[in-house]
Amino acid sequence: SVSEHSEALGHQAYNLHQATPGYTVHWFEQGALELAQAVWFRDQLRSDPVLRKRYAAVKRAAVASFSGDMSSSDDRWRYNQYKVPFIREVLYGFSP
């Protein structure tokens with residue numbers, strides 16, 4: 001299932017066997033470039049409905065691209081790697 005709340009934020013949690021969507025926690029060192037990039041990426045998704053829909057499509061395609069149930073760390077790694085080209089494309093416009 002996909003959380004409507006997370007869909008609205010441009011972040012989705014796919015949970016094939018859970019009624020309640022789960023969430024991923026990210027943490028960074030204070031002042032880390034990666035933190036600034038993550039916040040900027042999130043803000044781009046929040047402000048651009050077309051970009052948000054494109055990202056949702058990439059994430060759905062990532063899930064559909066393999067037969068795993070996303071329960072293993074291998075599945076999660078492949079899911080995340082599938083999204084990398086899109087994330088890099090968006091971050092191309094980032095300037096610290």
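Modeller: Contact here means heavy atoms within 4.5 Å. The model is predicted. Leaving out residues up to four places away in sequence, Val 90 touches Trp 40, Phe 41, Gln 44 and Leu 51.

Colleague: Which helix does Val 90 lie in, and is Val 90 buried or exposed?

Modeller: Val 90 is part of helix α4, residues 73-91. Buried means under 20% relative accessible area. Val 90 has 10% relative accessibility and therefore counts as buried. Leu 51 is 39 residues away from Val 90 along the chain, yet their C-alpha atoms are separated by 8.8 Å.

Colleague: How is the packing of two helices described?

Modeller: Two packed helices are described by the angle between their axes and the distance between the axes. For α2 (residues 33-47) and α4, the axes come within 10 Å and cross at roughly 90°. Angles of 65 to 115 degrees count as roughly perpendicular, so α2 is roughly perpendicular to α4. On the α2 side the contact is made by Gln 37, Trp 40, Phe 41 and Gln 44; α4 contributes Phe 86, Ile 87, Val 90 and Leu 91. Of the residues in this contact, six are nonpolar, two polar and none charged.

Colleague: Which residues form the largest nonpolar core?

Modeller: That core has seven residues: Phe 41, Leu 45, Leu 51, Tyr 55, Val 58, Phe 86 and Val 90. At least two come from each of α2, α3 (49-64) and α4, and α3 supplies the largest share, three residues.

Colleague: What is Phe 86 in contact with, beyond its neighbours within four places in sequence?

Modeller: Phe 86 is in contact with Phe 41, Leu 51, Arg 54, Tyr 55 and Val 58.

Note on methods. Residues numbered from 1 in each chain as written. Predicted model: local features only at pLDDT ≥ 70, side-chain atom pairs only at ≥ 80, totals over all residues. Heavy atoms only, no water. Helix = DSSP H or I, 4+ residues; strand = E, 2+ residues; numbered from the N terminus. Buried < 20%, exposed > 50% of the residue type's maximum accessible area, 1.4 Å probe, protein only. Axes fitted to C-alpha atoms, helices over the stretch in contact; angles between N-to-C directions. Parallel < 35°, antiparallel > 145°, perpendicular 65-115°, else oblique. Nonpolar A, V, L, I, M, F, W, Y, C, P; charged D, E, K, R; others polar. Core = buried A, V, L, I, M, F, W, Y, C linked by side-chain atoms within 4.5 Å.
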